[in-house]
Amino acid sequence: MADDKKLNRRDFIQNSMRTTLGIAVVGLGGLSMLRSKGENWVWQIDPFKCTWCGRCATSCVMTPSAVKCVNAYDLCGYCDLCTGYFKNGVKDLNTGAENLVCPTSAIVRKFIEEPYFQFDIVEKLCIGCGKCVKGCTQFGNGSFILQIRHDRCKNCNECAIARMCPSDAIKRVPANTPYMIKSDFIRK
Amino acid sequence: MRKYLTIFLFLIAVTYSGLVTGQQRFPKPEFSSGYVTPSPTTPEPRANLLEYADVVVLLVVLSVASWIAIRKRSRRAMLWLSVFSLLYFGFYREGCICPIGAIQNVTLTFADPLYAISISALLIFLIPLIFALFFGRTFCAAACPLGALQDLLIITPFSTPVWIRKTLSFIPYVYLALAVLYAATGTDFIICRYDPFVGFFRINATFNMFLIGACFLGLGLFFARPYCRIFCPYGALLNIMSRFSKWHLSITPAQCIQCKLCSTSCPFDAIEHPTEEQKSETTQGRNLRRFITFGLLIPVWILVGGYIGAQSHVFLSKANPQVHLTELLIAHPELKNDTGNIDIQTFLSSGKSFEQQVKEAQIIRHKFYIGGWFFGGFLGLVIGLMLMNQSVFRKRTDYQPHKGDCYSCGRCLKYCPVKKDGTVEEIA
Amino acid sequence: MKDQTTKLKFVYRVMLVTGAFCTIVTILLLLNFWQIQHNKPLDNVSLKTLVDRLNADPNNDALKVDIRNLDLLARKAYFNSEWQVTTGGILLLLGAIAFFASLKIYRDMQAKIEVPVDLDKNDAIAGVLSQRWLLVTIAIFFVGALSASYLSTDYLKMYNNSIAGALKTNTNRIKQVSITSANDSTAKDSTSGANANVFITMADIRKQSNGFRGPFGNGVSTQKNIPTSWDGSKGRKVIWKVKVPKPGYNSPVIWNDKVFLAGADKGGEAVFCFDLATGKLLWQKAIGRLPGSPASSPEVSQDTGLSPSTVVVDGQRVFAIFPTGDLICLDFNGNKVWSKNIGEPDNHYGHASSLIALKDKLFIQYDSNKGGRIMALNVQTGNTVWDIRRKTQISWTSPVIMVANNKTQLVTSANPLVAGYDTETGKELWSVDCMAGEVAPSVCYNGGIVFAGNENAKLVAIQPGSPAKTLWENDEYLPEVSSPVAANGLLFVCTSSGTMVCYDGITGKKQWESEFGKPFFASPVITEGKVYAMDNGGKMHIVKVSRTKKILGEPTLGERAYATPAFTDGKIVIRGANNLYCIGEK
């Protein structure tokens, strides 16, 4: 008889606690659901904030980094003397290693017509160091930009590069606009 | 340099003399050869639909795991299910997003007006909790890739005394509270940052991540599932849920015959033994008095914890990058001349005034002060409840799993000689 | 049974082999890691030295070949090691699976049924023990947290306290200064007005030539008896001529008896103060490296130089800004009041906008490649009062102060906006989308009409208000560097091709033009109904403010000149390329 009572009491406590916890969990879920727009988030570099510090190459949990250089062709001047491709103060415009900015030779220079050249990034070789971005943005149009490439990005819950970024250029953005490719000199 | 500059200025002059609006320094040329500008490639992130597919897989795995734990009662089935989860959520999905890390996303949803958790991530956070409320920690048994990896690597588990386990079980709550505090203040996602196994799933990580992971796996050879038992903050939540689960795995399918065969089968020391014979009235009275005393002390614990948490806000907030940078500049103004310090140089060239930076850092620090009260208050509550819980003694007549600590892995099942119909298997 | 033993032996061997394999792969991976850490192939030091050597000796072809070979080697090393890590990782994973599988099977095969033991059978005792240990742990935890909180320093609080303290002492100091100067009845120099809460007023500005293009930056001065003839090379009417220690395109400014200007070269930046009566260099203040200053001089064009921005004076303080982003406030004795680097402007020619001040605020137009921005700082502390971002591109113009519609406003021109901003709040009061290109000429105003122009764009007359109205546009003659100036309803524009043009300010109709030959970089200024426009050759074209062309004189300086002259009673101060001249009756 006493045992029965005890058992009933235990059941009662169990049931009421379960209900309470259930309501708490569902309530928390419901509140979050109300705020949620349902969209997924991905990480993105704002090229207007980026200061090409070089940490993208070293801070990513992936080696090589998921950040690569992208040429925003619309902004590119197709310069013969590309300041993202050639080192500062280069003497003659040939593709010898002594003249080039990229440490992994990931930029391909292709002749289009006099005096214009197209510059393509070979993503397999690019390590995201941002050296070319620096050259292009400081002296040229700034068409070389660093972007997180989502075929490589693991979409970590918190991006290790975002935490290290000195200029706060990496932010979560809705997954339907994963890239910010520059199309103008200043942000519109 | 001079020569280069001249070339540069010349180029500007040349390109500029036309009908330029000053938008670009070197406007895009007009090609006469009919050249068409390519567009940069933009590989898409993982499709939203696939994220929902993950939710479905999680649901299926949890349902099957619950069925295995409660109906099928097979360790082997559970093992293979966990191998599947390890392959799917671990090596295929590469660890992100998991319910453990989703704690922080839920927190950030309420703390950051610009952020709201995605529905799929929210479901991944909620579903295992709901399942634990009904079927026990079947998520830990078969769906969690971190648990599965550690579970597979249990070689010689050693039993540890109750007091060590109970004391260690305080750590996950501290970790949970810290993770919430740091997520709410927008400082860091510490759970994800110190996830020990994600590097193995990706076969790519920094050296330190591998080192932490290897240490956990090494410890796990002898102390079963070390991450789950003494760190996992989600495990702390599941533990609470599972204590009140409606159905839970039981060692014996029928009546326990107290053969003691299962008593050492659990590598996690989660099997509770039958209690000793009836205690005297006086001990019971003493226990009751203790229980009540500890219960009444809970508000005191909350206040003390809250006070200490709030006092700790200064050093806790030093982990925030902005607070850290600001304090560094105040404490070591000479670092402003250190051209190698990227953070400082970037801040100085950003044009942001130092007063503004200090003001923002102070706002963050104040958040830590408020958060510190909650942080400490929560830990005080946990302490109070844990102490109170240690004064509760339930009478047990059988060998049964501790509903909070049991992962429902099913190892004990094969040790029980009792069959479903109540008959006892002969042991050779 | 025998079968069992051979099986056991086999599994044992598999375990040993896979274990050894894993160990070897791990060691190799660790070695690889160590190697990469210690000699980063892509950050090769020897490659850098070779490139440096090549820069010193550009025609050394053998060196080029060496660099190319080394570069190829470095890249190979990098990608090889990357391949090694990936392959090693997968091998290690497979090896580990095999090892642990065999280890498990081996242990399972060896497993015996263990003797059941009863651990912690007494719940009550275990419970009490747990409680005790929990309490001990918690005590340690709490004590640890408390001591950590007492040991940690709140630098933010410290900083705020120190700021509050510094402000207090600062005001005290200034008060003391004002008391002593009040007691010192002979002190009639410009510092005598030094007081913590006395700021420059509109009336003060009208009497001075305290910034770029005179009072309010509008190019119109109220000074009288300005000479119209001199000869710099022969020394006629030159009261004094001194060499300026450091070059700069910025213009001299005058406050009572002192002349201020700035200069900079690769060796550093400096502010100079000359005595108006004698030309004696009263003091010079080298700025030095401020916290946040760039390590090397910014890359500027030759036409901009390292010190293009004119200083501004508010009667007690002199403010200077440089393309490095260095901003400094000095008192009239050359002592630093405050300084800061506001961030190196991202400017491909070099930041050139001049400063302007009114009351307690110093205004900085900070349009860079990162977008448009205007700041107002407190003159006493340098703290930001307001800081606005605006939708303009980079510019090289200077702000002008104007009162229109009962609002004191800062009027600026940049691509694409000519706009007015409330000096108190920074709020945009009006704007007209009409400019284009890389704008350098500042605006001027007369009779409530604002004039702006730029090469490659147009000349525009705007009536401010909400909304602002464009009165007329013209694109026949456009200024490129030199700013226009207006008085008596007439607008004067000097172009880089050496033409001076006079327009009617209301209608925009051209009144006359004059081809002077040499380009104008300096801005024309008006006083006593005369336009003083100096061309780059150092010849001052003095023209009457009238609808018909009337040249009153064309005296020469004897050296090139790019700076805008400053007027004071009976004197004109001109900065040549190398020297500073004071011209007037001796």
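What share of the contacts in chain A between residues at least 6 apart in sequence join residues at least 24 apart? The share is 76%, where a contact means two C-beta atoms, placed from the backbone, within 7 Å.

This is a predicted model, in which local features need pLDDT of at least 70 and side-chain atom pairs count only at pLDDT 80 or more, while totals for chains, interfaces and linings use all residues. Residues are numbered from 1 along each chain as its sequence is written, and chains are lettered from A and ligands numbered from 1 in the order in which they are written.

**View 1. Welcome to chain A, with its four helices and six strands.** Helices (H or I, at least four residues) and strands (E, at least two) are DSSP runs, numbered from the N terminus. Of its 188 residues, 50% count as buried, a label for residues with 20 or more other C-beta atoms within 10 Å of their own; 12 or fewer makes a residue exposed, and anything in between partly exposed, with C-beta atoms placed from the backbone.

**View 2. Here chain A meets chain B, with 60 residues of chain A in contact with 61 of chain B.** On the chain A side, the elements giving two or more residues are helix H1 (2-35), strand S1 (41-45), strand S2 (67-71) and strand S3 (107-113). H1(A) gives the most, with eleven residues. Sorted by class, this side of chain A has 28 nonpolar, 19 polar and 13 charged residues. Nonpolar covers Ala, Val, Leu, Ile, Met, Phe, Trp, Tyr, Cys and Pro; charged covers Asp, Glu, Lys and Arg; the others, Gly among them, are polar.

View 3. A:Pro115 belongs to the loop between S3 and strand S4 (116-121) of chain A.

**View 4. A:Trp52 is not a glycine, yet has a positive phi of about 50 degrees.** You will find A:Trp52 in the loop between S1 and H2 of chain A. A:Trp52 counts as buried because it has 23 C-beta neighbours inside 10 Å.

**View 5. Over in chain B, B:Asp269 has a positive phi of about 55 degrees without being a glycine.** Its place is the loop between helix H14 (233-243) and strand S1 (271-272) of chain B. With 21 other C-beta atoms within 10 Å, B:Asp269 is buried.
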